[in-house]
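Visitor: Please show me the structure. I would like to ask how its parts get their labels.

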Amino acid sequence: MIQKYHLQRAAYVLLAMAALASCKSKHPTSVQPGKKSTATGIAYNQKDGFQVKKFAGQKAGPNLVFVEGGRFTMGALEEDVMNTRDNRERTVSIQSFYMDETEIANVHYLEYLDAITRDSSEEVVKAALPDTTVWANPLSFNDSYVTQYLRYPAFRYYPVVGVSWVQASDYAVWRSNAVNNELAKGGGEKKKGGGFSLKRKSKTAEPALAEAAATDSAGNPIASAKPKPSLESGLILPDYRLPTEAEWEYAAKALIGTQYMDENQINQRIYPWDGSSVRNPKKGRKQGQMLANFKRGRGDYAGIAGRSNDGAIITAEIYAYPANDFGLYNMAGNVNEWVYDVYRPLSYQDVNDLNPIRRNGYLDDAKNYDTKNKQSLIDDKLRVYKGGSWNDVAYWLSPGTRRFLDQDSATAMIGFRCAMIGVGRNK
């Protein structure tokens, strides 16, 4: 009887395997392209022939979380108390991408400074240093933050601040090369030598699009440095970069958590969580605790001693609060975050509805704004930042709110995280 049962079970398993095999597509895919071209019939990977390397799909880079793309309503949902009217609601679609799970921390930025100190010019290193004086205030005793916040070990996993948009973009360039060099050691030709330096860029070049090369401290190419694997090899990742404003807002809302059937969503979101409250509504030990680090009111940065509701007077560690439904931490509060986009008040009008971005003054030139006579601040160096910070009231925690600052400026309330395109995948 027992033997008969096992035979039946084995038969069911074989039938299931056969069914799965029959469902398997016979067509080639990007991951399984086959042994020969479907266009010419010529075999791949022959000597002196066309090489098609093995490829298992894009890997997630360090600290990155996959964000499945889709359609969403971009724009402000809170009452426009500032009367800016610069982010009206509109429907857009965002392709899938990766985003840093957390804000870039002091320890991550110090790793960058250490790397470029070893093989870059003094000018490049000096330009990369965060402005620690952003903490200074004649009427506040913030001296310890000025001298210790960036480098003291207790602040290692606090978000880096005092970094301009240009510096954040240059960090992303360095990180792309650092990650791909490390991947190449295990998956391609092993790279020897002293790393790389940021190339000198023309004044008109976009920092985020600048290239990096293996050079010594004088900027000369390292003779022993082997070229990194080709893009076709699949051994390198796409570039890290600052997220677009649309990507950032989409990832912050994380509306995937409101979907319950087909394309139906039970609600919109004012914040990166459900509800109109900034406290945890779930019953249990954490009920009533703050879901983000922000300023509750005039002079109230944390709450009373013993019951510090948001747990931080200034910034907090990058994992300090619950992640949203995409698994991203601190998409509201702690520090604001730079995004790629140039600021324009009418970006919601002259927008593409697929992967929208504003790189420059296209369709809304800076000459339309009277900066010469100081009647406007708007030019092509104003960059958007979003998310709210430890020094902002709850209004700015809403993903649809937006502000701007010159790309060369920095504050104690702005940090950043990076993003990367999800190549060839939607889920």
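Guide: What follows is a set of questions and answers about a predicted model.

Visitor: What does the secondary structure of the protein chain come to?

Guide: The protein chain has six helices and 13 strands. Buried residues account for 42% of its 427 residues.

Visitor: Why is helix 6 called largely enclosed?

Guide: A residue counts as buried when its relative accessible area is under 20%. In helix 6 (residues 245-253), nine of the nine residues are buried, so the helix is largely enclosed by the rest of the structure. Among these buried residues are E245, W248, Y250 and K253. Just after helix 6, A254 has a positive phi of about 50°.

Visitor: What makes a set of residues a nonpolar core?

Guide: The members must be buried, of the listed kinds such as Ile, Phe, Trp and Tyr, and joined through side-chain atoms within 4.5 Å. The largest such core has 31 residues, and those touching the most other members are Y109, Y112, I116, Y171, W338 and F416. At least two residues of this core come from each of helix 2 (106-119), helix 3 (122-128), helix 5 (165-187) and strand 9 (336-342). Helix 5 gives the largest share, seven residues. Another core, of 24 residues, lies apart from it and includes V67, I94, Y343 and L382.

Visitor: How do you know that strand 10 and strand 11 pair?

Guide: Two strands pair if there are at least two bridges between them. Strand 10 (residues 382-386) and strand 11 have four bridges, in the antiparallel sense, so they pair by that definition. One of the links is between Y385 and its bridge partner R403 in strand 11.

Visitor: Why is the sheet with strand 11 and strand 12 left without a neighbour on one side of each?

Guide: The sheet is open, with four strands in the order 11-10-9-12 and mixed pairing. Strand 11 (403-406) and strand 12 (414-415) are at the edges and have a single partner strand each, so one side of each has no neighbour in the sheet.

Visitor: What makes a space inside the structure a cavity?

Guide: The structure holds one cavity of 30 Å³ or more, and the largest cavity has a volume of about 50 Å³. Its lining has 13 residues, of which T132, W135, Y149, L150 and V161 are the closest to its centre. By type, the lining of the largest cavity divides into nine nonpolar, three polar and one charged.

Note on methods:
Residues are numbered from 1 along each chain as its sequence is written. This is a predicted model: local features need pLDDT of at least 70, side-chain atom pairs count only at pLDDT 80 or more; totals for chains, interfaces and linings use all residues. Side-chain values use heavy atoms; hydrogens and water are left out. Buried means under 20% relative accessible area, exposed over 50%, partly exposed in between (1.4 Å probe, protein chains only). On a 1 Å grid over the protein atoms alone, a cavity is a set of points where a 1.4 Å probe fits but cannot get out, and a pocket is an open set with protein on both sides within 12 Å along at least five of seven lines; lining residues have an atom within 4 Å of a point. Grid points are joined across faces, edges and corners, and a volume is the space filled by probe spheres set on the points. Ala, Val, Leu, Ile, Met, Phe, Trp, Tyr, Cys and Pro count as nonpolar, Asp, Glu, Lys and Arg as charged, and the others, Gly among them, as polar.
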